Structure formats: structure tokens, C-alpha cells
Amino acid sequence: MQKLLSRQTGKKLYSFWYTDEINVNNSNFLTPFQEIDGVLMSFYYIMGGSVLRFEAESVYKKEIPDKAFEKRPKYRLVNKKDMDKIITDMVNL
């Protein structure tokens, strides 16, 4: 079942959809949505003057080997400013 959460930002009200039926622990641990105990299905991300909307189109189960989550030799920690630039560059392609 999907659940609705709304958040007021300034004069705008944003709606977020999430589900607790997907068994993932701390799925939002490293996001601005840490308080949501479920997997986000539809949400907004405000970056500077832009509002980006992300929405899941489908959900399927797939086994992923633990090795896929290991840090690679060229791993580099990215801060919020750098991540915002990466997202902005992708949106402006």
C-alpha cells in the first residue's frame, strides 16, 4: 500500500508517496527524507530555484550481489553542492 505524506515549503505544499511493503531497512538514511519509514515512490527535490519531481514507473524484485555495493578504487565522496551540480547538468542536457 502506498502512503501519502505532505510537506509545506514556503507557500507550496508538496505531496510524497511511499510504501512500507518493500522490505528495505533505512532506505532514506542518506537523504533529506530520513523521517520517512518506507521506500519513496514519488517525491520532490528542491534545488536552488528548481523543483524536480521523481516518480517510480515500476517496481520489480531482482537479486543484486553484495559486490555491486562495494566502493570502487576511484570512489570519491560527493558533497551536496557537487551533487546539485551533477543533477543540474543532467537536467540541462
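Predicted model: local features only at pLDDT ≥ 70, side-chain atom pairs only at ≥ 80, totals over all residues.

Residues are numbered from 1 along each chain as its sequence is written, and side-chain values use heavy atoms, with hydrogens and water left out.

Student: Over how many bridges do strand 1 and strand 2 pair?
Tutor: Strands, like helices, are DSSP runs numbered from the N terminus (E, at least two residues, for a strand; H or I, at least four, for a helix), and two strands pair if DSSP finds at least two bridges between them. L4 stands opposite W17 in strand 2, and the bridge partner of L5 in strand 2 is F16. Strand 1 covers residues 2-9 and strand 2 covers residues 12-19, and their antiparallel pairing runs over eight bridges.

Student: Which residue takes a positive phi in the hairpin of strand 1 and strand 2?
Tutor: This hairpin has two residues between the strands. The residue with a positive phi, near 65°, is G10.

Student: In strand 3, which residue is the bridge partner of Y18?
Tutor: Strand 2 also pairs with strand 3 in the antiparallel sense, over three bridges. Within strand 3, the bridge partner of Y18 is L40.

Student: Is T19 buried or exposed?
Tutor: T19 has its place in strand 2, and a polar atom of its side chain lies 3.1 Å from the backbone nitrogen of E21. Buried means under 20% relative accessible area, exposed over 50%, and partly exposed in between (1.4 Å probe, protein chains only). Because its relative accessibility is 6%, T19 counts as buried.

Student: How far apart in space are L30 and D20, C-alpha to C-alpha?
Tutor: L30 lies in the loop between strand 2 and strand 3 (39-47), and with a relative accessible area of 77% it is exposed. L30 and D20 are 10 residues apart in sequence, and their C-alpha to C-alpha separation is 18 Å.

Student: Which residue caps the N-terminal end of helix 1?
Tutor: A side-chain oxygen of the capping residue lies 3.2 Å from the backbone nitrogen of K81. The cap is N79.

Student: Why does L93 count as exposed?
Tutor: L93 lies in the segment after helix 1 (80-91). Together with M83, I86 and M90, L93 forms a nonpolar patch on the surface, with about 450 Å² of accessible area together. L93 counts as exposed because its relative accessibility is 89%.

Student: How many salt bridges does the structure hold?
Tutor: Side chains of opposite charge can pair when their charged atoms come close. A salt bridge is a side-chain nitrogen of Lys or Arg within 4 Å of a carboxyl oxygen of Asp or Glu. One of them joins the side chains of E55 and R53, at 2.7 Å from N to O, where E55 is partly exposed at 49% relative accessibility and R53 is partly exposed, with a relative accessible area of 49%. The number of salt bridges in the structure is three.

Student: Why are K85 and D89 separated by about one helical turn?
Tutor: K85 forms a salt bridge with D89, the closest N and O atoms being 2.8 Å apart, and D89 counts as partly exposed at 39% relative accessibility. The separation is about one helical turn because, within helix 1, K85 and D89 are four residues apart.

Student: With which side chain does the side chain of D84 make a polar contact?
Tutor: D84 has its place in helix 1 and is buried, with a relative accessible area of 14%. The side chain of D84 meets that of K80 in a salt bridge of 2.9 Å, N to O, and K80 counts as exposed at 54% relative accessibility. A polar contact is a pair of N or O atoms within 3.5 Å (within protein, one must be able to donate a hydrogen and the other to accept it, and residues adjacent in sequence count only if both atoms are side-chain atoms). At 2.8 Å, the side chain that makes this contact with D84 is that of Y45.

Key
Patch = residues over 30% accessible without salt bridge, like charges linked within 9 Å, V, L, I, M, F, W, Y side chains within 5 Å. Areas by Shrake-Rupley, 256 points an atom, 1.4 Å probe, with all protein chains shown as cover.
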